[in-house]
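Work through the exercises below with the sequence and the coordinates open. Each task is followed by a solution in steps.

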Amino acid sequence: MIIYTYIKPERFIAHLPALLEFLHRFGRETDQDVVVAELSGPEGSWFFRIKEYDEGGR
Amino acid sequence: MGSKLKVTSRAASAIRHSGPAFRTVGPDAVAKALGAEALPREDVHGAPISLHALRRQLEIRVRSTGGRPSLEGATKIQKIPLKPEDWSRLEELAAQLSRQGVSATAGQVASVILRKQLELLESATAGHRRLSRQMMKRATRS
């Protein structure tokens, strides 16, 4: 599954906890080996690789 | 037959953006907030070029010098055999990018994709060579 979106830096940073919750829940509940988020900007592109998921609300 | 037109006027100077710059998002802070490991994209072997990366490369490399905008550094014009459906897909990609404001030909799109794949192949081959050397060293030690 690939979703592309443009971001506004302040709003993106403010919503990082919600993104963390989504990415970890996605990896945990669909049993993924790895979940990756990519962020591209003027300084280059970065991969954010998540291999271990948090426990969620448990 | 008409002769080739030559532009003799001075090239326009570059446009500089002097408005406020947006704050950039640092990878370390994002990685920490996401509980993730940050890796520069070029270090991720085998990752295919994304449409975003393709668009970005074309934005950087397609330059207008008065005539038809050209792809910076792509000076070798070569005939490459392609399947008709692959060419159609490249034309679709070029049209899609054009709708997003990035003007590029199907050939320029192909050139950027080809370069990226060659870089990936090179880094993968270098990785294999490194691994072979390490295995040879271990084998000679034991």
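**Exercise 1: the elements of chain B**

Chain B holds four helices and three strands. The model is a predicted one.

Task: State in what order the elements of chain B run from the N terminus, and what share of its residues is buried.

Solution. 
- Step 1. Read from the N terminus, the elements of chain B follow the order α-β-α-β-β-α-α.
- Step 2. A residue counts as buried if 20 or more other C-beta atoms lie within 10 Å of its own. By this criterion, buried residues are 11% of the 142 residues in chain B.
- Step 3. Take the contacts in chain B with a separation of 6 or more: 57% of these are accounted for by residues 24 or more positions apart.

**Exercise 2: a sheet across two chains**

Task: Give the strand order of the open sheet of three strands, and find its edge strands.

Solution. 
- Step 1. Begin with chain A, where S1(A) and S2(A) run antiparallel and are joined by seven bridges. In this pair, Ser40(A) is opposite Ser45(A) of S2(A).
- Step 2. Continue into chain B. S2(A) also pairs with S1(B), residues 37-40, in the antiparallel sense over four bridges. Here Phe47(A) is opposite Leu39(B), and Phe48(A) is opposite Ala38(B).
- Step 3. The open sheet has the order S1(A)-S2(A)-S1(B), with antiparallel pairing. Its edge strands are S1(A) and S1(B), as each pairs on one side only.
- Step 4. From one strand to the next the twist averages 25 degrees. H2(A) packs on the sheet and touches S1 and S2 of chain A, its direction making about 145 degrees with that of S1(A).

**Exercise 3: the side of chain A that touches chain B**

Task: Say how many residues of each chain are in contact with the other, and which element of chain A gives the most.

Solution. 
- Step 1. Count both sides: 25 residues of chain A are in contact with 20 residues of chain B.
- Step 2. Assign the chain A side to elements. Those that give two or more residues are H1 (9-14), H2 (16-29), S1 (35-41) and S2 (44-50) of chain A. S2(A) gives the most, with seven residues.
- Step 3. Sort the chain A side by type: 15 residues are nonpolar, five polar and five charged.

Key: Residues numbered from 1 in each chain as written. Chains lettered and ligands numbered in written order. Predicted model: local features only at pLDDT ≥ 70, side-chain atom pairs only at ≥ 80, totals over all residues. Contact = placed C-beta atoms within 7 Å. Nonpolar A, V, L, I, M, F, W, Y, C, P; charged D, E, K, R; others polar. Pairing = 2+ DSSP bridges. Buried ≥ 20, exposed ≤ 12 C-beta atoms within 10 Å, placed from the backbone. Axes fitted to C-alpha atoms, helices over the stretch in contact; angles between N-to-C directions.
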